[in-house]
Protein chains: 2
Amino acid sequence: MSSQNNDDSKIQRAPTSEELKKFEFIQVLNEDPRTKGVCILGKLKSSSSSEDPKDAILLLEKLHFGSQELPNLLKERILQWISTDNNDIYHWYNGLLTKDEKFPDFKATLIWPATEAHIRKYSFQPRFLIRETPHIYETIVKPYIESIPTSRIQWVYNILSKKSESERIVLEVEEESTGFILLPDMKWDTVTLENLYLVAIVHRRDIRCIRDLNDTHLPLLKNLRRQILHFVPQKYPGIRSDELRLFVHHLPSYYHFHVHVTHLRNDTIAGGIAIAKAYLLDDIIENLEKFAKDYYKKATLTYVLGENDPLFSQMNDIGARVTADT
Amino acid sequence: MSSQNNDDSKIQRAPTSEELKKFEFIQVLNEDPRTKGVCILGKLKSSSSSEDPKDAILLLEKLHFGSQELPNLLKERILQWISTDNNDIYHWYNGLLTKDEKFPDFKATLIWPATEAHIRKYSFQPRFLIRETPHIYETIVKPYIESIPTSRIQWVYNILSKKSESERIVLEVEEESTGFILLPDMKWDTVTLENLYLVAIVHRRDIRCIRDLNDTHLPLLKNLRRQILHFVPQKYPGIRSDELRLFVHHLPSYYHFHVHVTHLRNDTIAGGIAIAKAYLLDDIIENLEKFAKDYYKKATLTYVLGENDPLFSQMNDIGARVTADT
């Protein structure tokens with residue numbers, strides 16, 4: 001091992017409190033007042049190295065009240081009440097909590113050293129509503145999808161062929177044209193039932209996205225719906241079929257047909273179930289069965305694109321952004 | 001003023017820190033780990049009264065990091081780092097903040113004395129996905145809508161006839177069949193542009209909800225779209241037309257046709273823009289124009305109903321809840 005490697009391995013231990021105190025603030029990259037989260041860019045130097053300070057990203061998020069602390073919160077943990085306003089039976093305060101290592105104030109993720117790609121990923125990105133007409137799909141989006149090397153979804157094929165994650169599979173329906181594999185999404189802790197998040201990945205490889213669906217896929221879509229609504233309440237007692245949202249994204253994050261399955265109460269995925277992004281499986285079935293067998297080939301679909309999305313510049317050039325006159 | 005009244009007025013001042021310490025915890029009514037908010041039911045007694053403790057609801061929410069504290073957060077406000085894990089360039093910690101009245105940990109709303117209605121309002125309510133078929137709409141929902149006294153939307157008519165809120169109107173289009181009034185929703189502070197929330201209320205009184213829409217309403221829907229996308233960026237410089245989400249709710253909260261207008265970045269309304277609740281105006285136009293002139297009369301619509309909703313028991317009796325076989 002070279003001395004360079006030794007330096008690197010030193011950098012990659014967790015910085016100490018003393019080292020973190022020397023974090024040089026550069027700017028706030030992004031923040032979410034709703035979830036009380038903030039993402040800061042700075043520079044950080046290892047005290048054991050003579051190198052210059054390196055880019056660091058610090059993700060901070062206030063912690064939720066712990067359920068075990070709630071019964072005694074007012075008696076034991078609230079240090080100070082500051083009355084701010086008052087109207088009839090409504091009384092407003094700010095407050096301070098006692099300090100206790102058992103109940104930290106925040107959690108943090110430090111990415112250090114951070115690359116340009118990390119900084120881009122965590123930075124606020126301007127977003128635009130665009131309208132994907134059938135023509136824009138055919139001329140811009142479809143060629144883009146076809147240009148993505150198959151290797152990019154090798155991980156999906158590994159799941160389908162049980163080369164990886166096979167121990168995570170909760171249901172497999174083996175039939176070629178209507179079969180699928182159901183497994184927990186990586187975002188789910190697999191324990192908190194009201195945050196349930198599963199993904200059903202179909203076995204067939206000929207459906208890239210919602211645009212490819214037509215009435216010949218109704219048996220597949222209905223099989224997904226029936227099997228999932230039947231299986232999940234059995235596998236996870238306490239969950240009812242009328243608490244499960246089954247939906248598809250467009251654009252999806254990978255171009256092999258899959259259905260998201262989440263609990264109604266999962267509110268960690270607000271953007272994931274928003275209009276102009278998510279399509280309810282029931283509505284998809286409805287549209288193909290009742291309104292047009294090629295509904296998703298004919299429809300203009302509206303969605304949000306970030307400025308850094310590989311499709312954005314072409315979309316912008318062709319005038320796909322929403323205006324009063326489109 | 002009777003002595004009873006004097007007692008009441010004593011109760012209605014803001015309880016002091018000492019009084020709050022005697023809050024008797026009963027149970028958690030509801031909580032939202034995403035926003036770090038919790039709602040607690042308890043009993044509270046006024047030290048200046050001999051009466052029994054009364055019901056009290058305490059709404060607590062952790063506060064966001066203040067933008068003015070961020071540049072010096074690591075040097076000045078973080079008291080302790082607790083390293084929890086580490087993998088390559090990723091380092092995880094929990095942390096404690098210094099205590100400072102200028103930077104409170106949480107805000108609180110105390111409702112005291114609280115009524116049964118308050119408790120119901122803030123309690124978790126089981127929710128169910130139901131499928132409103134055209135038949136269920138005709139036999140259950142439409143009669144329910146028709147049973148609601150007109151007085152319940154008198155406030156809407158007051159806005160349309162400028163008897164109230166006229167100073168809040170930002171745009172009026174006076175035409176009888178395609179006209180509307182645009183004004184800020186009460187949830188918007190009218191200042192923070194990325195939280196923009198307007199409502200367009202149509203002048204005509206014959207459209208109760210999305211079910212009543214057909215192709216004869218396309219001029220109205222397109223006029224709403226064109227006028228709003230044209231006007232809002234002029235009225236609020238800095239907002240672009242491709243940052244505006246125009247949508248309709250089903251079920252709506254009142255049965256006079258109106259369109260919600262929000263900024264893409266408004267993330268205070270996660271539930272309000274979710275599938276199985278919100279319908280993009282562009283998709284409504286698309287469906288009526290391209291797929292069926294009576295699309296919303298024929299479609300089965302899926303939505304979330306709470307157990308306390310006036311429609312729930314009838315829906316439950318008729319078997320409208322989502323199952324594997326519906």
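Trainee: Which residues does A:Asp242 touch?

Mentor: Leaving out residues up to four places away in sequence, A:Asp242 touches A:Leu264, B:Arg127, B:Phe128, B:Leu129, B:Arg321 and B:Val322; contact means heavy atoms within 4.5 Å. This is a predicted model: local features need pLDDT of at least 70, side-chain atom pairs count only at pLDDT 80 or more, and totals for chains, interfaces and linings use all residues. Residues are numbered from 1 along each chain as its sequence is written, chains are lettered from A and ligands numbered from 1 in the order in which they are written, and side-chain values use heavy atoms, with hydrogens and water left out.

Trainee: Why is A:Asp242 called buried?

Mentor: Its relative accessibility is 2%, and buried means under 20% relative accessible area, exposed over 50%, partly exposed in between (1.4 Å probe, protein chains only). A:Asp242 is therefore buried. Its place is in the loop between helix 7 (218–235) and strand 11 of chain A; helices (H or I, at least four residues) and strands (E, at least two) are DSSP runs, numbered from the N terminus.

Trainee: What makes the pair of A:Trp155 and A:Tyr254 edge-to-face?

Mentor: Rings of Phe, Tyr and Trp (its six-membered ring) pair if their centres lie within 6.5 Å; planes under 30 degrees apart count as stacked, over 60 as edge-to-face and the rest as tilted. By this rule there are 16 aromatic pairs over all chains. A:Trp155 and A:Tyr254 are 4.7 Å centre to centre with 70 degrees between the planes, hence edge-to-face. A:Trp155 lies in helix 6 (residues 154–160) of chain A and A:Tyr254 in the loop between strand 11 (244–249) and strand 12 (258–263) of chain A, so the pair ties together parts that are 99 residues apart in sequence.

Trainee: Are A:Trp155 and A:Tyr254 buried or exposed?

Mentor: A:Trp155, at 38% relative accessibility, counts as partly exposed, whereas A:Tyr254, at 12%, is buried.

Trainee: Why does the pair of A:Tyr295 and B:Phe291 count as stacked?

Mentor: The angle between the planes is 25 degrees and the centres are 4.0 Å apart, so the pair falls under the 30 degrees set for stacked. A:Tyr295 lies in helix 9 (residues 295–298) of chain A and B:Phe291 in helix 8 (residues 281–291) of chain B, so this pair joins two chains. A:Tyr295, at 6% relative accessible area, is buried, and B:Phe291, at 11%, is buried too.

Trainee: What do the buried residues of helix 5 of chain A pack against?

Mentor: They pack against strand 7 (127–132), strand 14 (301–306) and helix 10 (312–317) of chain A. The buried residues of helix 5 are A:Ile136, A:Tyr137, A:Ile140, A:Val141 and A:Ile145.

Trainee: Why is A:Ile153 called buried?

Mentor: A:Ile153 has a relative accessible area of 13%, so it is buried. A:Ile153 is found in the loop between helix 5 and helix 6 of chain A, and, apart from neighbours within four places in sequence, it contacts A:Tyr254, A:Tyr255 and A:His256.
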